[in-house]
Amino acid sequence: MKRQPRSNPRSRKPGRSVSIVGTGSYVPERVLTNDELSVRVQTTDEWITTRTGIKERRIAAKDEYTSDMASRAALAALEQANLVAEDVDLILVATASPDMIFPATACFVQTKIGAKNAAALDVSAACSGFLVALEIGQQFITSHTYDTVMVIGAEKLSSITNWTDRNTCVLFGDGAGAAILQHRDEKSHGVISTHIGSDGNYSDILWMPGGGCKQPITAENAHQHLQTIHMSGRDVYRQAVSSMIDASKKALDKAGLTIDDIACVIPHQANVRIIEAIAERMKIPMDRFFVNLDRYGNTSAAAVAIALDEANRTGRLKTGDYILMVVFGGGLTWSSTVLEW
Ligand code: UT7
């Protein structure tokens, strides 16, 4: 049953309001199934399905980079927004798997889509990056610095996965999602509230320790897989559940809403058990969550961006609905956003 939006959430910010005027996404063609993985490492479709909910994930081609996937998602979002690349003032790419350490992947996207009037930079907040970038983009519009901001979450996690480690290699996938932010006088698709947070005390439970200045990759350490994702799964799981619940409450509180007002929750797509634990503790029926991790696995910064686009294009988001997006990732970092669609 469609919920009636409350007409005047307390925290709708003064100044320019910000709307999502277009979304887009892209996933590579190649599907990697659980059964295929069970040939590579000691695992089974049954273990992966019951412990994570993931059935398959997409893997980018060898010569298909994060910026390529980001550009495909960006162009789809521009088309939906009825805009052209020259209209974009700022490109923010959230990614943990950039084409290179520098320059920013956003600069490659700028060239690939022809956004010659845009500033371009990357946001590093691991899986939380898309919503963190969305908040940053929103601030630039609210402050009248820019009119049109392109926010992208894009990952080629297959390039930073240790394919011999069954603890992690079954979890991740590649893809990209994008959203275009603009001020609109009408309030539809508007950002009502945002929250971001982090706790650097837990950096080492989810990280890629090598490849930076602290542990450069050398001929001597190349075999240690330092340039791949390392994760203490159980610790991350516990932190993910509590942080996402806390972040959800903070954004709802700022919006002057309760969870009962929310028609659709779009959570980080890491593990369906994490989503079920959040559903149980917050007393949210599971059918109110948008879940696509069974098809894509965990695509980190791209996950909520792809899910938002799919929910938008499949008609899951109805005019006037309140939508909650909530994410969690390495850092540790977390973020939440309430939208009025
Ligand atoms: O995107 C950022 C956020 N990331 C996350 O939120 C991920 C959070 N963590 C998780 O989703 C879960 O902790 C995992 C899916 C990573 C692991 O699930 P778990 O239920 O926490 O399993 P576990 O790590 O406690 O491992 C249980 C057992 C272990 O065997 P022993 O030690 O009990 O004999 C693992 O070695 O499962 C074993 N195992 C596997 N078995 C078959 C671990 N991976 C696999 C596998 N196939 N792929």
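Helices (H or I, at least four residues) and strands (E, at least two) are DSSP runs, numbered from the N terminus. This is a predicted model, where local features need pLDDT of at least 70 and side-chain atom pairs count only at pLDDT 80 or more, while totals for chains, interfaces and linings use all residues. Residues are numbered from 1 along each chain as its sequence is written, and side-chain values use heavy atoms, with hydrogens and water left out.

**View 1. The cis bond at Pro-103.** Here we look at the peptide bond from Phe-102 to Pro-103, which is cis, with omega near 0°. Pro-103 sits in the loop that runs between strand 4 (90-94) and helix 4 (105-113).

**View 2. The cis bond at Leu-332.** Going from Gly-331 to Leu-332, the peptide bond is cis too, with omega near -10°. You'll find Leu-332 in the loop between strand 12 (322-329) and strand 13 (333-340).

**View 3. The shell around the ligand.**

**View 4. Polar atoms at the ligand.** Polar contacts here are pairs of N or O atoms within 3.5 Å; within protein, one must be able to donate a hydrogen and the other to accept it, and residues adjacent in sequence count only if both atoms are side-chain atoms. Asn-298 has a polar side-chain atom 2.6 Å from a ligand oxygen, and Arg-51 has one 2.7 Å from an oxygen of the ligand. Trp-47 places a polar side-chain atom 3.4 Å from a ligand nitrogen. On its own the ligand exposes 950 Å², and the protein buries 77% of that (Shrake-Rupley areas with a 1.4 Å probe; for residues, only the protein chains shown count as cover).

**View 5. The annotated active site.** An unreviewed UniProt entry places the feature "active site" at Cys-127, His-268 and Asn-298. They're spread over 172 residues of sequence but cluster in space, with a largest C-alpha distance of 8.8 Å. UniProt positions follow the numbering used here, feature names are shortened, and annotations may be inferred rather than shown by experiment. Cys-127 lies in the loop between strand 5 (119-123) and helix 5 (129-142), and counts as buried because its relative accessibility is 10% (buried is under 20% relative accessible area, exposed over 50%, partly exposed in between; 1.4 Å probe, protein chains only).

View 6. Gln-269 occupies the loop between strand 11 (262-267) and helix 8, and is buried, with a relative accessible area of 0%. Its side chain reaches the backbone nitrogen of Asn-292 at 2.9 Å. A polar atom of that Gln-269 side chain also lies 3.2 Å from the backbone nitrogen of Leu-293.
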